[in-house]
Amino acid sequence: MSWLDRFRAGHGQARVGPVSVDHAPRLAEIHAGAFARPWSTEDFERFLLDRAIRADGLFLGRERDPAGFAVSRTVLDEAEVLSVALARPARGRGHSGTLLAYHIQALAHAGIARIHLEVEDGNLPALALYRRFGFVQSGVRPGYYARPDGTRATAMSMTRILSGSDPGFPSGPAR
Ligand SMILES: CC(C)(COP(=O)(O)OP(=O)(O)OC[C@H]1O[C@@H](n2cnc3c(N)ncnc32)[C@H](O)[C@@H]1OP(=O)(O)O)[C@@H](O)C(=O)NCCC(=O)NCCS
């Protein structure tokens with residue numbers, strides 16, 4: 001049994017797996033419910049056809065449409081997490097950890113050694129999630145994000161190093 005199969009088997013009603021262009025409208029819908037500057041269906045179609053992009057979806061129960069996604073761009077042995085989001089009803093149930101664990105494992109499996117991301121400094125659920133997965137602050141970018149009200153928010157740059165023996169999961173007990 002591969003690590004992917006073991007992972008799927010261990011996570012009962014929540015499955016994680018790659019998404020395709022067919023999922024682009026749903027991914028745009030989730031993105032619009034999560035961010036002030038939404039990506040369109042066409043944006044997602046472009047990403048999903050780009051071989052440098054790794055995109056995984058979270059699927060609940062027997063649903064064929066994802067309830068969340070993680071999208072990263074890879075360059076050589078580095079990756080940047082471009083976006084992670086769950087539909088609102090799927091939040092607060094630990095699914096973000098299931099999604100991110102799979103996504104990081106898939107990146108590690110593809111030979112990625114270092115993962116970067118940016119997150120708004122007041123986004124407490126996202127910061128807690130990334131810290132739990134071993135991301136550490138690598139910089140601060142004041143005024144990086146434009147808010148809908150015209151003000152600007154600070155971004156934290158975070159990095160996670162993956163070593164050859166590192167499975168990508170957080171060091172604490174599985175949730
Ligand atoms: C970020 C996101 C994916 C997290 O998913 P979630 O289901 O809401 O979060 P979870 O319930 O799994 O909790 C994640 C962590 O945040 C913590 N947390 C949740 N709400 C919190 C709050 N209001 N304050 C502090 N910590 C909080 C949880 O305790 C958990 O911590 P742990 O990993 O140490 O156990 C989700 O909130 C989302 O889609 N947000 C909108 C998009 C976004 O901001 N994406 C990230 C930026 S790219």
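**Ground rules.** I number residues from 1 along each chain as its sequence is written. Since the model is predicted, local features need pLDDT of at least 70 and side-chain atom pairs count only at pLDDT 80 or more, while totals for chains, interfaces and linings use all residues.

**The sheet.** I started with the strands (DSSP runs of E, at least two residues, numbered from the N terminus; helices are runs of H or I, at least four residues). Seven of them make an open sheet with mixed pairing, in the order 1-2-3-4-5-7-6. I count two strands as paired if DSSP finds at least two bridges between them. Strand 1 (14-18) and strand 6 sit at the edges, each pairing on one side only. On average, neighbouring strands are turned by 25° against each other, direction ignored; the axes behind that angle are lines fitted to C-alpha atoms, for helices over the stretch in contact, and angles run from 0 to 180 degrees between N-to-C directions.

**Strands 2 and 3.** I found strand 2 (residues 53-60) running antiparallel to strand 3 (residues 68-75), with six bridges joining them. G57 stands opposite F69 in strand 3.

**Strands 6 and 7.** Which strand holds the bridge partner of V140? I traced V140 to M156 in strand 7. Strand 6 and strand 7 (residues 152-161) are antiparallel over seven bridges. They form a hairpin with five residues between them, and G150 in the turn has a positive phi of about 95°. I then checked burial (buried means 20 or more other C-beta atoms within 10 Å of a residue's own, exposed 12 or fewer, partly exposed in between, with C-beta atoms placed from the backbone). Strand 6 (residues 136-146) has eleven residues and the number buried is zero, so this strand lies largely in the open.

Leaving aside neighbours within four places in sequence, I115 is in contact (C-beta atoms, placed from the backbone, within 7 Å) with residues including A79, V81, I104 and L107.

**The ligand.** I listed 19 residues around the ligand, the closest being R91, S96, L124, A126 and A128; near means a C-beta atom, placed from the backbone, within 6 Å. Strand 4 (78-86), helix 4 (95-109) and helix 5 (124-132) each give two or more residues to this shell. Helix 5 gives the largest share, six residues.

Terms used:
Contact = placed C-beta atoms within 7 Å.
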